[in-house]
Amino acid sequence: MVSLSPALQARLATPLQIGTVAVHSRVLQSPLSGVTDQVFRRLVRRYAPSSMLYTEMVHAAGVCHVESLPQIMEVDPDEHPISVQLFDCRPDFLADAARRAVAEGADTIDLNMGCPVNKITRKGGGSSLLKDPEMAVAIAKTVVNAVEVPVSVKTRIGWDDDTINAVDFARRMEDTGIQLLTLHGRTRAQGYTGPARWDWITRVKAALAIPVIANGDITSVESAVRCLEVTRADGVMCSRGTLGYPFLVGEIDYFLKTGQCPPQPTAVDRLHCAQTHLRLIAAYKGDRGICQARKHMTWYVKGFSGAAELRDRLCQITTVAEGEEYLQTAIAQLEAAGIHAQVWDRWTPPSPLTQVGEIPASTPEKV
Ligand SMILES: Cc1cc2nc3c(=O)[nH]c(=O)nc-3n(C[C@H](O)[C@H](O)[C@H](O)COP(=O)(O)O)c2cc1C
């Protein structure tokens with residue numbers, strides 16, 4: 001059974017201060033490309049009313065010469081606090097995109113210096129900036145000077161095992177005037193495999209005065225508490241643990257605020273959530289949303305008898321009605337077997353709740 005030590009509770013009792021922005025939660029939802037669109041963020045927000053959320057990463061050059069912003073950069077007026085994450089290797093494009101993100105409503109700007117994807121690193125963006133700290137400094141300084149809101153950086157511990165430079169890189173970033181650093185405890189060479197090396201996060205936290213957020217392998221209340229104790233980080237950021245499980249950030253936040261584990265969502269809760277996700281994503285993105293919903297559906301549907309068959313069917317849906325019918329049938333079967341919704345309609349987070357509402361139809365994506 002996990003417990004919250006008085007020392008940890010006291011250390012995290014104050015807001016997370018990101019420059020001028022005070023965030024009343026020490027648990028953050030990470031940027032996840034192809035996942036953390038406005039629909040997903042709304043589901044996370046239902047359980048985590050005060051946590052910092054991030055957009056998917058946005059290519060800065062792609063928004064500099066367009067009249068209307070791409071859908072992935074849209075910020076709803078009721079989803080604060082929110083950070084827009086940008087990637088590129090050209091300071092002027094990043095500065096321009098950052099100004100546009102602030103006009104759209106971003107509370108902070110996050111700079112991606114950790115993405116391992118070849119298409120991005122080959123052009124000097126994402127984690128390749130770990131190999132070019134001078135350029136990373138130029139980018140961070142330019143963006144810090146371009147906007148009034150706080151700027152943060154999300155990066156990794158190094159390019160590969162032979163060139164781990166997390167502490168030096170983080171210090172250089174801090175000197176540019178950024179207000180928060182998130183460290184994913186893996187090298188670029190590791191991609192997403194192998195355990196996250198929290199010991200490097202401990203070292204970076206000890207070296208910086210600005211808040212440091214620990215990222216990598218935060219998949220439960222237990223792992224979050226362990227990570228906060230080991231690293232002494234100022235907060236944790238959840239990533240893959242939230243795929244098909246938008247409850248995670250709220251669960252950890254609830255525990256850190258109350259010392260209690262909230263009720264675990266049942267299989268029925270997850271299917272209700274999948275239904276809402278499907279409906280909202282189709283309303284927001286149309287047919288493209290239904291295609292994207294298929295992968296989300298497979299993440300929600302696990303851990304009960306018949307899950308594999310249901311996943312197979314959901315992978316092939318072409319309409320919302322079809323998906324809803326499959327999910328509704330499964331809910332009825334689980335309820336007949338005595339499994340009921342536990343948190344879906346009854347969740348009471350520790351501070352004011354933002355409801356999951358309808359998302360207004362928006363302009364089509366431009367990139
Ligand atoms: C599908 C997927 C998309 C991701 N997209 C982004 C992104 O847009 N920006 C970013 O900084 N990191 C991105 N990441 C990295 C995560 O934010 C996080 O750093 C990484 O998954 C480590 O945390 P974990 O071990 O808890 O998953 C992505 C990861 C995955 C699996």
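A nonpolar core here means a set of buried Ala, Val, Leu, Ile, Met, Phe, Trp, Tyr and Cys residues joined through C-beta atoms within 7 Å. Please keep in mind that this is a predicted model. With that definition in hand, the largest nonpolar core has 105 residues, and the chain itself is assigned to domain 1 (6-258) and domain 2 (267-336).

**The nonpolar core**

- Within the largest core, the residues that touch the most other members are Leu86, Ala140, Val143, Val236 and Ile252.
- Helix H11 (residues 267-285) gives this core its largest share, which is ten residues.
- Both domains take part, since domain 1 (6-258) and domain 2 (267-336) each supply at least three residues to this core.

**Strand S6, covered on both faces**

- Strand S6 spans residues 82-87, and six of its six residues are buried.
- In a regular strand, the side chains alternate between the two faces of the sheet.
- On one side of S6 you will find Ile82, Val84 and Leu86, and on the other Ser83, Gln85 and Phe87; these residues are all buried, which leaves both faces covered.

**The partners of S6**

- Strand S4 (residues 53-54) runs parallel to S6 and is joined to it by two bridges; Tyr54 has Ser83 as its bridge partner in S6.
- Strand S5 (residues 58-59) also pairs with S6 in the parallel sense, over two bridges, and here His59 has Phe87 as its bridge partner.
- Strand S7 (residues 108-113) pairs with S6 in the parallel sense over four bridges, with Ile109 in S7 as the bridge partner of Val84.
- Between S6 and S7 the chain passes through helix H4 (residues 91-104), and this β-α-β crossover is right-handed.

**How the two domains meet**

- The C-alpha centres of domain 1 and domain 2 are 29 Å apart.
- Where the domains touch, seven residues of domain 1 are in contact with nine residues of domain 2.
- The domain 1 side of this meeting point is made up of four nonpolar, two polar and one charged residues.

Key:
Residues numbered from 1 in each chain as written. Predicted model: local features only at pLDDT ≥ 70, side-chain atom pairs only at ≥ 80, totals over all residues. Buried ≥ 20, exposed ≤ 12 C-beta atoms within 10 Å, placed from the backbone. Pairing = 2+ DSSP bridges. Right-handed = clockwise from strand over helix to strand, strands pointing away. Domains from an automatic or database assignment. Nonpolar A, V, L, I, M, F, W, Y, C, P; charged D, E, K, R; others polar.
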